[in-house]
Amino acid sequence: TGGLTAIGVHADEGQYVRQGAILVKLNDQVLRAQLAQQEAALQSAEALLAQENAALGRAQELRERGFLSQASLDAALAQQRTAAAQVASARAARSETATRLDQTNIRAPVSGLVISRSVTRGQIVQPGAELFRMVRDGRLELDAQVPETELALVRAGQSATVRSDQVGEAPGTVRIV
């Protein structure tokens with residue numbers, strides 16, 4: 001859910017967070033209003049479906065007694081199916097908005113240490129924007145560049161050693177190429 005304003009930032013650099021903890025709260029007022037509107041639309045569609053189910057039942061009974069034409073019964077059946085489709089559509093719209101509403105609570109995907117925060121209160125958050133960087137379970141991730149001519153030599157799962165003048169050597173594993 002993007003294009004919403006961050007109304008609360010609940011984690012900062014140097015803080016350890018647990019998986020599932022709310023890191024950022026986005027303004028959800030518009031989505032809450034949409035959800036209430038879709039709840040009402042669903043209730044209306046369900047009431048119409050109940051009415052059309054009753055009408056279809058009466059039409060079938062009259063058709064069995066010979067008081068109603070097949071065309072009229074077919075029309076009642078089509079209206080009942082249309083009402084059922086409207087209920088399904090209203091449920092899907094409500095479900096989509098409820099999902100978007102849940103996404104206004106940006107949660108920590110893993111437990112770990114927040115090493116950088118790039119979101120501030122009042123900022124409009126765009127989809128795909130990096131908000132935090134975290135160290136997961138004490139692991140660090142290195143984003144390394146490899147010359148194209150040597151790229152075929154690197155495979156996921158392969159052992160690697162990272163050398164640094166300041167830290168020395170550290171063993172690692174290639175996660176993704």
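This is a predicted model: local features need pLDDT of at least 70, side-chain atom pairs count only at pLDDT 80 or more; totals for chains, interfaces and linings use all residues.
Residues are numbered from 1 along each chain as its sequence is written, and side-chain values use heavy atoms, with hydrogens and water left out.

Along the principal axes, the C-alpha atoms fill a box of roughly 95 × 40 × 25 Å. Buried residues account for 23% of the 177 residues, where buried means under 20% relative accessible area with a 1.4 Å probe, protein chains only. Of the contacts (heavy atoms within 4.5 Å) between residues at least 6 apart in sequence, 63% join residues at least 24 apart.

The chain contains 2 helices and 9 strands, taken as DSSP runs of H or I with at least four residues and of E with at least two, numbered from the N terminus. Their order along the sequence is β-β-β-α-α-β-β-β-β-β-β.

An open sheet of 4 strands is arranged as E4-E3-E1-E6 with antiparallel pairing; two strands pair if DSSP finds at least two bridges between them. Its edge strands, E4 (105-107) and E6 (124-125), each pair on one side only. E3 and E4 are linked by 3 bridges in the antiparallel sense, and Lys25 stands opposite Asn105 in E4. An open sheet of 3 strands, also with antiparallel pairing, has the order E2-E5-E7. Here the edge strands are E2 (16-17) and E7 (132-136). E2 is joined to E5 (residues 112-117) by 2 bridges, with Leu113 of E5 as the bridge partner of Tyr16. Strands E8 (residues 159-164) and E9 (residues 168-173) form an antiparallel pair over 6 bridges. A hairpin of 3 residues connects E8 to E9, and Thr161 stands opposite Pro171 in E9.

Helix H1 comprises 36 residues and spans 53 Å from its first C-alpha to its last, close to the 52 Å expected at 1.5 Å a residue; the expected span is 1.5 Å times one less than the number of residues. Buried positions in H1 are Leu31, Leu35, Gln38, Leu42, Ala45, Leu49, Glu52, Leu56 and Ala59. The buried residues of H1 pack against E1 and helix H2 (70-102). After H1 comes Gly66, with a positive phi near 85°.

The largest nonpolar core has 16 residues, among which Leu23, Val24, Val119 and Phe132 touch the most other members. A nonpolar core is a set of buried Ala, Val, Leu, Ile, Met, Phe, Trp, Tyr and Cys residues joined through side-chain atoms within 4.5 Å. At least two residues of this core come from each of E1 (4-9), E3 (22-26) and H1 (29-64), and E3 gives the most, with 3 residues. Leaving aside residues up to four places away in sequence, Val119 touches Ala6, Val9, Val24, Val125, Leu131 and Phe132. A second, separate core of 6 residues includes Leu42, Ala45, Ala83 and Ala90.

How values were computed:
Buried means under 20% relative accessible area, exposed over 50%, partly exposed in between (1.4 Å probe, protein chains only).
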